[in-house]
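The sequence and the coordinates come before the discussion.

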Amino acid sequence: MNDLKTLLTENPGLAFYLVGLSILLCLIVVEVVMAILLKKKIYSLKDTVTNFTMYIGYITALSVWGPITYGIFYFVHQSAVFDFGSYWMLPQSLHFWWQWGLLLVLDDFCFYVFHYASHKYRFLWASHVNHHSSKEFNFSVGFRQSWTPFLSFLFWIPLCFIGFDPIMVISMHLMSLFYQGCQHTRLIKSYGVFELIYNTPSHHRVHHGRNNQYINKNFGGVFIIWDRMF
């Protein structure tokens, strides 16, 4: 038990991943129940099984590629432009808050560029298209991930070169993916004024739309401001 506590304390990304995964699984159960009560066909057994099967493949690939990615991030970080120190682990410090706040914005911009490129360039689209292959749109679709995530790290290398700790970068990326996973639902219609700044289920439904006017729209992960800017 103490070994597990130490592991999670030293790896905030892993701790958040396990918490986020648990929350998403609970959301799937809630969505299924709500769909039954509202008499809406949101899930199909075959599609849902496919989503989780693909996620198992994704995790398997990451178990091999993840440590390599961390090694590359660590190597780049040794030549970082700025030394931010270890304040990112100290919530009582003001540096903690501005570092995580700045990383949140920069990480999302990196994701926007990566996501945009994944739709525009065929080599990257060949990996990303799996996520768009479902005929359904529900929380389980967030688990439909690529088995070839081998080039995505290139888009986050600049963050390590700026000075952000590799573990911090990976942790923020996992938090972003959790937020994005929560956008895959048809039961939430709108977040109101928050939709002016943040990516929401209604924005992401457009992104997954197959109508011509919706294709290649809304690439943001946490924020929708990049799509408005560019």
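## A buried charged pair

Arg144 and Asp47 are both buried, and in this predicted model their side chains meet in a salt bridge with an N to O distance of 3.0 Å.

Asn130 itself is placed in the loop between helix H5 (122–128) and helix H6 (157–162), and with a relative accessibility of 26% it counts as partly exposed. Its side chain reaches the backbone oxygen of Ser127 at 2.9 Å. Although Asn130 and Asn51 are 79 residues apart in sequence, their C-alpha atoms are 9.7 Å apart in space.

## A network around Glu136

How many salt bridges does the structure hold? There are three, and apart from the pair already described, the discussion turns to Glu136, which is linked with Lys41 and Arg186 in a network of salt bridges. The side chains of Glu136 and Lys41 meet at 3.9 Å, N to O. Because Glu136 lies in the loop between H5 and H6 and Lys41 in the loop between H2 and helix H3 (45–77), this pair ties together parts that are 95 residues apart in sequence.

The salt bridge of Glu136 with Arg186 has its closest N and O atoms 3.8 Å apart. This pair, too, links distant parts of the chain, with Glu136 in the loop between H5 and H6 and Arg186 in the loop between helix H7 (166–181) and helix H8 (201–208), 50 residues apart.

Which residues make the nonpolar surface patch of about 540 Å²? The contributors are Val29, Val30, Val33, Met34, Leu37 and Leu38. Val30 is found in helix H2, which spans residues 12–38, and it counts as partly exposed because its relative accessibility is 48%, a value that lies between the 20% limit for buried residues and the 50% limit for exposed ones.

Most residues other than glycine have a negative phi, so the backbone angles of two residues deserve a separate look. Lys39, which is not a glycine, has a positive phi of about 55°; it lies in the loop between H2 and H3 and is exposed, with a relative accessible area of 79%. Asn218, likewise a residue other than glycine, has a positive phi near 60°. Asn218 is placed in the loop between H8 and helix H9 (225–229), and at 15% relative accessibility it counts as buried.

Asn218 is also in contact with His203, whose other contacts, leaving aside neighbours within four places in sequence, are Glu195, Tyr198, Ile224 and Arg228. His203 lies in helix H8 and is buried, with a relative accessible area of 12%.

## Confidence in the model

The mean pLDDT of the protein is 91, and 94% of its residues reach 70 or more. Where is confidence lowest, and where is it highest? The lowest mean, 55, belongs to helix H1 (residues 2–10), while the highest, 97, belongs to H6. Where pLDDT is low, the predicted coordinates should not be read in detail.

Conventions:
Residues numbered from 1 in each chain as written. Predicted model: local features only at pLDDT ≥ 70, side-chain atom pairs only at ≥ 80, totals over all residues. Heavy atoms only, no water. Patch = residues over 30% accessible without salt bridge, like charges linked within 9 Å, V, L, I, M, F, W, Y side chains within 5 Å. Areas by Shrake-Rupley, 256 points an atom, 1.4 Å probe, with all protein chains shown as cover. Salt bridge = Lys/Arg side-chain N within 4 Å of Asp/Glu carboxyl O. Helix = DSSP H or I, 4+ residues; strand = E, 2+ residues; numbered from the N terminus. Buried < 20%, exposed > 50% of the residue type's maximum accessible area, 1.4 Å probe, protein only. Polar contact = N/O pair within 3.5 Å; in protein donor to acceptor, adjacent residues only side chain to side chain. pLDDT = per-residue confidence, 0-100. Contact = heavy atoms within 4.5 Å.
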